[in-house]
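Please keep the structure in view while reading.

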Amino acid sequence: MENQAVVIDNGTGFTKMGYAGNLDPDFVIPTCIADLDKKSTLSVSTKNDEYDYFIGEQAINKAKTSKKHKLTYPMADGIIESWDLMEKYWHQSIYDYLKCDPQEHNFVLTEPPMNPPENRESIAEIFFETFNVPGLYIGVQAVFALLGCSKTLNDAGVPMDPEQEKAVKTLTGVVVDSGDGVTHIVPICDGFVLGSNIKHIPIAGRKITKFMEQMIRERGEKISTEDLYYATMELKEKHGYLAKDLVTEFSKFDQKENEGGKLKQSKKFKKFEGIGKISQKPFSINVGYELFLGPESFFSPEIIDKNYRASLDESIDITIQQCPIDYRKRLYADVVFSGGSTSFRNLDRRLELSLQKRVDDRLKKYNAGGKQSTIKVKVTNSMAQKHVVWLGGSHLSSQTGFKNMVHTRAEYMEKGPACCRFNPVFSF
């Protein structure tokens, strides 16, 4: 029996990795490394006790206790910036976490949209030269997300209207990919990424966390500075939400409760208690407006970035309108979320209503006095968007025809790393 392929989805904030055919990645760890501060040579080993660097949570903990180790994030905005550190990161991921011999498994790696082709070559060199893998496939994260979401819908037996069903079957849709560092809107038609129409939004998880952190700090909550960022991140992930109406939501928090003739803070403010991740000391803070104002930046980005004003629904609408007219109905019918920053409660409903209103207003304008045509907007929340990219890679690499799609070691030896600049478009 042929060994399962290994799927690794490297993100700016977190890396998801595991074996093909599974529904969830085996490991989800931070994409960071703690290496010796004054060491320039690459030194790695397949033995745990010989490692002089650490990755993931171990790296974060090591950087707290050791002055010799420097914590570094080798990726920024989805792009690898330090290849030496990234090679070390992959090395320990393969040998220490996945515990596999890379010479016996095909590998699936992901990349962001519009990744420079030279980066593909660098990945090929590392995996074929350092790890001696038999086969390698590098796929665009957005395409994998669309594939993973399609699998989720089909497996769950979700009822779909004809246009959405057609979009899912033909791998056509718009992927809203928002992780820790960057948000992309990526249109895909019949499995092809329309690169010229990709939109970049400078609002993502890290900026939202820092904005919420600043609000809590300015309110004067009693919590140490080093613990506040991690506490805010937990608040954002567990309790962040989109309000149906911003003014109404504000009024709920502004209302004062009259208790015994004294005005007290609205009961909408909640107590959040925990143990500081850095100091390990207990804390208790009030949380309020930031829970919905942080996520609201997707629709009012000027809250966080004064130089950017296009809302998420406006950017998606512009993206689809710039695509070929024959695909637009299908693109509106299959808007898919990917990345942890799309997990906010009510985000899918809010986006669907806002985008549908834009479409309806345009149709009324162009069909005044005539028969009203309809375009149905459907935003899909798969509930697995944090690892839907990995799921798509897992689904692809577990197909029987996948072995004919990978770039083999023989091909690499014949053509060099340039062989990985292009991948065949898959269909099932």
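The model is predicted, so local features need pLDDT of at least 70 and side-chain atom pairs count only at pLDDT 80 or more, while totals for chains, interfaces and linings use all residues. Residues are numbered from 1 along each chain as its sequence is written, and side-chain values use heavy atoms, with hydrogens and water left out.

**Helix pairs**

Helices (H or I, at least four residues) and strands (E, at least two) are DSSP runs numbered from the N terminus. Axes are lines fitted to C-alpha atoms, for helices over the stretch in contact, and angles between N-to-C directions run from 0 to 180 degrees.

| Helix pair | Angle | Axis separation |
|---|---|---|
| H6 (205-218) and H7 (225-239) | about 120° | 9 Å |
| H2 (83-97) and H3 (117-130) | about 45° | 11 Å |

The angle of about 120° makes H6 oblique to H7. Angles under 35 degrees count as roughly parallel, over 145 as roughly antiparallel, 65 to 115 as roughly perpendicular and the rest as oblique. H6 and H7 cross in a right-handed sense, that is, with the near helix turned clockwise from the far one by less than a right angle. Contact means heavy atoms within 4.5 Å. Among the residues that make this contact are Ile208, Met212 and Ile216 of H6 and Leu228, Met233 and Leu235 of H7. By class, the contact of H6 with H7 comprises seven nonpolar, four polar and five charged residues. Ala, Val, Leu, Ile, Met, Phe, Trp, Tyr, Cys and Pro count as nonpolar, Asp, Glu, Lys and Arg as charged, and the others, Gly among them, as polar.

The crossing of H2 and H3 is right-handed. Trp83, Glu87, Trp90 and Ile94 of H2 meet Asn119, Ser122, Ile123, Ile126, Phe127 and Thr130 of H3. Six nonpolar, three polar and one charged residues form the contact of H2 with H3.

**A covered helix**

In H13 (388-397), 10 of 10 residues are buried (under 20% relative accessible area; exposed is over 50%, partly exposed in between; 1.4 Å probe, protein chains only). Trp390, Leu391 and His395 are among them. The elements against which these buried residues pack include strand E1 (6-10), strand E10 (135-140) and helix H4 (141-156).

**Threonine 31**

Threonine 31 occupies the loop between strand E3 (27-30) and strand E4 (33-36). Threonine 31 is buried, at a relative accessible area of 0%. Leaving aside residues up to four places away in sequence, threonine 31 touches residues including Phe14, Tyr73, Met86 and Tyr89.
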